[in-house]
Each structure stands twice: as structure tokens, then as C-alpha cells.
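Please keep the sequence and the structure in view while reading.

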Amino acid sequence: MEVSNHYVTIKHDINGSPAESDFELRTATLALAVLGGSKDVIVKNLYVSIDPYQLNRMKSDSSSRIVSNSSTRIVPGQAINAHGVGRVVASDNPEFEIDDFVVGLLGWEEYSVVKGGDTLSKISSTEFPLSLYAGIFGTSGLTAYVGFFNVCKPKKGEKVFVSAASGSVDMLKDQLGFDNAFNYKEETDLKSTLKRSGYFPDGIDIYFDNVGGEMLEAAVANMNAFGRVALCGVISEYTDKGRKAAPDMLDVVYKRISINGFLLVDYLHMFGEFMSIISEHLRHKRMHALEDVSQGIESVPSAFVGLFRGLNVGKKLVELDKHRVMLEMTMWTRSSCNTRPSLDINLMHYVKSIPTAVGDRVRSKTRWTRVLDLTRSLL
Ligand SMILES: NC(=O)c1ccc[n+]([C@@H]2O[C@H](COP(=O)([O-])OP(=O)(O)OC[C@H]3O[C@@H](n4cnc5c(N)ncnc54)[C@H](OP(=O)(O)O)[C@@H]3O)[C@@H](O)[C@H]2O)c1
């Protein structure tokens, strides 16, 4: 059987702020068949992750290239690999059967051919919604976890500052409990903002940085002696090559501040520990995954561009096969009964997937049984 595989690509290198016009949707014909002995797997993608680091892959030149397969240069016209969740539709790999749900390096495309099945893992549990495997159980969640616990090494009583706290990496840290927040867009002088009463009048011990630029400079200026900066990302510098944080190095020396860049790829061995801890938090509703989901392959460019304009609140995903997701939701509600920990996430997906009139009915009712009834009536 052959299918039309729609995929998103870039028209040319992108060296500044991305615009939707930098992208195009292309179509290729794909045979849903795998060669014997290849161990290849073909996946129908259900959710793909939208991440800021992809912009560095789209540049003519970037230091991000040196790290791994997922950070190599994106060539204009070619498909773009990205983390995601999908369902196996063809497999020559004994580890994966047709209809298995999988997570791994897929792509901004409707179907992905995964050579040798190398970058895939099977999702065996039906306890949590599939989308979580592309978000809180995926790179975003693990980055937050290892960055905070392994890099920042927090000690009781320390004062912690996190930037871009409405984003996906930070949804996890925020839920550890924060005392205050401010909108950096409404502030003219970040150094004095941080000193303000209610924020850090006694200085910062740990700064988890996602943005770089002036925020990093302001944080360093307010750090206490032996403060630690975990440099997760510098999104404000991704879109502007000339913009570079210049923290006061005398501060760094005299306050003995550590500035530690880190990459998730160095902590993948912690995935098991991370999964068991975060699953427990979700199961007992001590934590809630915040997702921001767009629909359809054609929404990938706007979803991606929106990251650099602060349009997302929570983990940005694109859902590629809403019919399948509704079916999946019916399956897990049947199998897991009323112990679902993350109903409102699914409800949110569901509301976005169905016609407005029905969506309004769902919005007014938050019980999963009603969602299930509506699902059944639509299938
Ligand atoms: N080290 C690693 O292994 C690793 C792994 C994953 C992600 N990261 C990095 O972690 C950071 C967050 O990634 P994410 O996936 O969680 O993205 P995200 O936070 O979901 O999306 C990006 C957010 O950054 C904010 N932002 C955009 N432009 C900005 C600017 N010029 N100045 C300040 N804030 C800006 C926006 O929120 P506002 O509304 O606040 O502007 C936006 O919501 C990124 O720098 C990413 O590259 C690193």
C-alpha cells in the first residue's frame, strides 16, 4: 500500500527570527512496506514535539551540530527529524509489531521510516495519555529533571530563579512550588527587578537559564557567593546572532559563581529514575502536565514560530491524527477506568479536536465519563 506523506521542510537556511514563510509543506509517496532483514520500522506519527533547538539546526552555521543525530544540520527541502509519538504501521523489527505505540526520533511528517528501529522505544503502558511521551515524559521533562537535580544540585533553603517559566522545560520545575513570578516583557530594568521585595532581595543561589541575553546578565548580577547557573538554553540568542550575554566577569570571579552548560544527551541514563518519579507525581496528582497542542501537519510552522514569540503556554506539540487519538482515548478510558490522573490534558486535546458545538459541551463538563460518551458518539 502507498500513502501520501506530507512533511514540513525549510525553503532555505534560517539565520534570524523564523517566519512561517520560511517553511513549506511537501508531499512524497511512501510505500508502507519494509525490506526483509532491514529491521526498519514505519510509524504513523500521532504527536510531534516542537522545540526551540531546531532553529539552531536551520542556521548556516551553529555549534549545535556537533552533538547528536537529532542536532545535525537541517537541509532545505529535506524532512526534519523531531521527537514524537506514533503507531507502528509496518515493521521488520522483532521488537516492534504493527499497532504498537512508540516514542522516539520521528519527524515533522505524517509517517516516518525509522532505519533499524534504532531510535524507537515501545510504549507498553496505557496508564498515561500518549502525548505525555512527547512532552513531560520526553526530552522536556527529562531536561528539567536532570538540569535541576544534577546540575543545580539544590540545597534546602536556597533561592532559585527560573526563566521562561511558561515553557515546557519549566512546567516541571514550576510544580516543585514557586513563590512569585514576573513578566519580563513588562520590566525595563531586569537587574533591579530581581532585587525587588518579593523576588530576590537577599540574592539568588541558583539560576536555571532558558533564555540567555539580558536575563542571564541580570541574574549573575544578583547571584550570591557560590551561586550556580544551569545553562539549559539561550533562546533570546537563537534568533539574533549578534546578541550575546555579557555577564560581569568580576561578579563571576569574586562571587565564585559556577556557570554550567548542560545537554540532555549526557543524562539519558537517568531516564528510568526520572520516569518512575514523575509517573508517581502524575498518578497522585501532585503534578500536572501543561500542554499546548496544535492540529495537523500544516500547523507545524506556526507552532514553531510561536515559540519565539512566546505564544505557547506549556509543552508545544502538534497532533497529527486526531481520529486515532480519539480512538486511543476511548481505549485507555476503558482499560484504566476512573483512575486517570491527567484527564484535563486529554480533555483539552479532545476539545480542540472536535466541532465547536460539541467542544462547548465538553468544556462545561469535566468528568471523563462524559468525554468517553461523546467520543463514542463521534466514532
Ligand atoms: N540543554 C538541553 O539539553 C535542552 C533540552 C531541551 C530544551 N532546552 C532549551 O530549554 C529552553 C526552553 O525550551 P522549551 O522546549 O521548554 O521551550 P518553551 O519554553 O516551550 O518555548 C520557548 C519559550 O521561550 C520564551 N521566549 C521566546 N523568545 C524569548 C526571548 N527572546 N527572551 C526570553 N524568552 C523567550 C517564550 O516564552 P515567553 O512568553 O516567556 O517569552 C516561549 O514560550 C530553550 O532554550 C531550549 O533550547 C535545552
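Is isoleucine 206 buried or exposed, and how many other C-beta atoms lie within 10 Å? The model is a predicted one, in which local features need pLDDT of at least 70 and side-chain atom pairs count only at pLDDT 80 or more, while totals for chains, interfaces and linings use all residues. Residues are numbered from 1 along each chain as its sequence is written. Isoleucine 206 is buried, because 22 other C-beta atoms lie within 10 Å; a residue is called buried if 20 or more other C-beta atoms lie within 10 Å of its own, exposed if 12 or fewer, and partly exposed in between, with C-beta atoms placed from the backbone.

Isoleucine 206 belongs to strand S9. Helices (H or I, at least four residues) and strands (E, at least two) are DSSP runs, numbered from the N terminus. Apart from neighbours within four places in sequence, isoleucine 206 is in contact with Cys152, Pro154, Glu158, Val160, Gly227 and Arg228, where contact requires C-beta atoms, placed from the backbone, to lie within 7 Å. Its C-alpha atom is separated by 9.7 Å from that of serine 258, a residue 52 residues apart along the chain.

Strand S9 is part of an open sheet of 4 strands, ordered S8-S9-S10-S11 with parallel pairing. Strand S8 (160-162) and strand S11 (258-261) each have a single partner strand and stand at the edges, so one side of each is left without a neighbour in the sheet. Neighbouring strands of this sheet are turned by 15° against each other on average, direction ignored; the axes are lines fitted to C-alpha atoms, for helices over the stretch in contact, and angles run from 0 to 180 degrees between N-to-C directions. Two strands count as paired if DSSP finds at least two bridges between them. S8 and S9 (residues 204-209) run parallel and are joined by 3 bridges; in one of these strands, S9, phenylalanine 208 is the bridge partner of valine 162.

Helix H5 (residues 213-221) has Met215, Leu216, Ala218, Ala219 and Val220 as its buried residues. Their cover includes S8, S9, strand S10 (223-231), helix H4 (190-195) and helix H7 (249-254). Helix H2 (residues 139-152) is also mostly covered, with 11 of its 14 residues buried. Among the buried residues of H2 are Tyr145, Phe148 and Cys152.

Two backbone angles deserve attention. Most residues other than glycine have a negative phi, and most peptide bonds are trans. Lysine 153 is partly exposed, because 13 other C-beta atoms lie within 10 Å. Phenylalanine 226 has a positive phi of about 65° although it is not a glycine, and its place is in strand S10. Phenylalanine 226 counts as exposed, because it has 10 C-beta neighbours inside 10 Å.

A further strand to follow is S3. Since 9 of the 9 residues of strand S3 (residues 41-49) are buried, S3 is largely enclosed by the rest of the structure. S3 runs antiparallel to strand S4 (residues 81-91), to which 7 bridges join it, and asparagine 45 has glycine 86 in S4 as its bridge partner. With strand S6 (residues 111-114), S3 pairs in the antiparallel sense over 4 bridges; here isoleucine 42 stands opposite valine 113. S3 also pairs with strand S13 (residues 315-319) in the antiparallel sense, over 3 bridges, and valine 48 stands opposite valine 318 in S13.

Valine 48 touches Ala82, Gly84, Leu106, Trp108, Ala134, Leu317, Val318 and Leu320, not counting residues up to four places away in sequence. Val48 and Ala219 have the most contacts inside the largest nonpolar core, which has 83 residues. Such a core is a set of buried Ala, Val, Leu, Ile, Met, Phe, Trp, Tyr and Cys residues joined through C-beta atoms within 7 Å.

Taken as a whole, the protein has 13 helices and 13 strands, and buried residues make up 41% of its 379 residues. Of the contacts between residues at least 6 apart in sequence, 71% join residues at least 24 apart. The mean pLDDT, the predictor's confidence in each residue from 0 to 100, is 84, and 80% of the residues reach 70 or more. Over residues 332-379 pLDDT stays under 50, and the model has 62 contacts beyond four places in sequence for this stretch. Where pLDDT is low, the predicted coordinates should not be read in detail.

Methods: Contact = placed C-beta atoms within 7 Å.
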